[in-house]
Amino acid sequence: MTPQDASKRSAEICRAAPVVPVLVVDDAAHARPLAEALVAGGLPALEVTLRTPAALDVIRAMADVPGGIVGAGTLLTPGDVKAAKAAGAKFGVSPGATDRLLQACEDEDLPLLPGTATASEAMRLLERGYTVQKFFPAEANGGAPALKAIGAPIPQVSFCPTGGVSLKNAREYLGLANTLCVGGSWVAPKDKVMAGDWAGIEALAREAAALPR
Ligand code: 3PG
């Protein structure tokens, strides 16, 4: 898959809803009801971070939830890319970008939302053909004002800011011309997941899905 095709697909995924839930799931038994609650609340694109031993099983369990688009986050190595793809991930997300990681995603036909934090990184990815990128960690890097400032000289890149984004500040990002959606973990808080409070998570998803952009 070319970087251009990857970005085209990433843009479609980002446009599906204002928020991509960032999920850290410890127990694969939670995967299906969690995905069903988020999709029912209006958030179809889900990022399952490869940060727990259960993550690949979680992706497998979520992959056939109707209406869902399940991706793998925290991709760091070509091995992560292969494993995520084999588990059924439809897209990938990474905190940063290395040549090896980009090549692996292109070879495996996994659309990647590559992480970037600076203008130089955004330019390097743009040179390779990635016009849709993740701005990470968004709040720590200056938040919406910083992303707006990057957009002035580099308007051809669109972003999914992630990291420190919440219901409180999401509107600031979603109002920017270069923001397609935001990523955030607030829609699936650990206590609600552990308690199996799927109705509560669906309510959080509904609130996030109603954010204007
Ligand atoms: C992460 O690295 O976990 C994501 O960027 C999500 O960040 P958040 O927990 O601040 O939403």
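This section describes the ligand site, an aromatic pair, a helix and several individual residues in a predicted model.

The residues around the ligand are Val22, Arg51, Phe136, Thr162, Gly163, Gly164, Gly184 and Ser185. From the side chain of Arg51, a polar atom lies 2.9 Å from a ligand oxygen, and a polar side-chain atom of Ser185 is placed 2.5 Å from an oxygen atom of the ligand. Gly164 contributes through its backbone, where a polar atom is 2.6 Å from a ligand oxygen. On its own the ligand has 310 Å² of accessible area, of which the protein covers 76%.

Thr162, one of the residues around the ligand, belongs to the loop between S8 and H8. Its relative accessibility is 7%, under the 20% limit, and Thr162 therefore counts as buried. A polar atom of the Thr162 side chain lies 3.4 Å from the backbone oxygen of Cys160. Beyond four places in sequence, the contacts of Thr162 are Val22, Lys134, Phe135, Phe136, Pro137, Ala138 and Gly183. Val22 and Phe136 in this set also belong to the surroundings of the ligand.

Two of these contacts of Thr162, Phe136 and Pro137, are joined to each other by a cis peptide bond, with omega at about -15 degrees. Most peptide bonds are trans. Pro137 is located in the loop between S7 and helix H7, the latter spanning residues 143–151. The ring of Phe136 has the charged end of Lys134 over it, 4.5 Å from the ring centre.

One aromatic pair is found in a search of the whole structure. The ring centres of Phe135 and Phe159 are 6.3 Å apart and the ring planes meet at 75 degrees; the angle is over 60 degrees, so the pair is edge-to-face. The two residues come from distant parts of the chain, with Phe135 in strand S7 (residues 132–135) and Phe159 in strand S8 (residues 158–161), a separation of 24 residues. Phe135 and Phe159 are both buried. Phe135 is also in contact with Thr162, whereas Phe159 is in contact with Thr179.

Thr179 is placed in the loop between helix H8 (170–174) and strand S9 (182–184). With a relative accessible area of 7%, Thr179 is buried. When neighbours within four places in sequence are set aside, Thr179 contacts Leu147, Phe159, Pro161, Tyr173 and Leu174. Tyr173 also supplies a backbone oxygen that lies 3.3 Å from a polar atom of the Thr179 side chain.

Helix H5 covers residues 99–107, and its buried residues are Leu101, Leu102, Ala104, Cys105 and Glu106. An α-helix has 3.6 residues a turn, so residues three or four places apart point the same way. Among the elements that cover the buried residues of H5 are helix H1 (3–15), helix H4 (78–87), strand S5 (112–113) and helix H6 (119–128).

Positive phi values occur at Asp109 and at Thr74. Most residues other than glycine have a negative phi. At 41% relative accessibility, Asp109 counts as partly exposed. For Thr74, phi is likewise about 60 degrees although the residue is not a glycine. Thr74 is found in the loop between strand S3 (69–73) and H4. Thr74 has a relative accessibility of 15%, which is under 20%, so Thr74 counts as buried.

Arg206 is part of helix H10, which comprises residues 198–209. Its relative accessible area is 44%, and Arg206 is therefore classed as partly exposed. Apart from residues up to four places away in sequence, Arg206 touches Ala40 and Gly41. Between Arg206 and Ala11 there are 195 residues of separation in sequence and a C-alpha to C-alpha distance of 21 Å.

Definitions and conventions: Residues are numbered from 1 along each chain as its sequence is written. This is a predicted model: local features need pLDDT of at least 70, side-chain atom pairs count only at pLDDT 80 or more; totals for chains, interfaces and linings use all residues. Side-chain values use heavy atoms; hydrogens and water are left out. Helices (H or I, at least four residues) and strands (E, at least two) are DSSP runs, numbered from the N terminus. Buried means under 20% relative accessible area, exposed over 50%, partly exposed in between (1.4 Å probe, protein chains only). A polar contact is a pair of N or O atoms within 3.5 Å; within protein, one must be able to donate a hydrogen and the other to accept it, and residues adjacent in sequence count only if both atoms are side-chain atoms. Contact means heavy atoms within 4.5 Å. Rings of Phe, Tyr and Trp (its six-membered ring) pair if their centres lie within 6.5 Å; planes under 30 degrees apart count as stacked, over 60 as edge-to-face and the rest as tilted. A charge sits over a ring if NZ of Lys or CZ of Arg is within 6 Å of the ring centre and within 35 degrees of the ring normal. A residue is near a molecule or strand if one of its heavy atoms lies within 4 Å of it. Accessible areas come from the Shrake-Rupley method with a 1.4 Å probe; for residues, only the protein chains shown count as cover.
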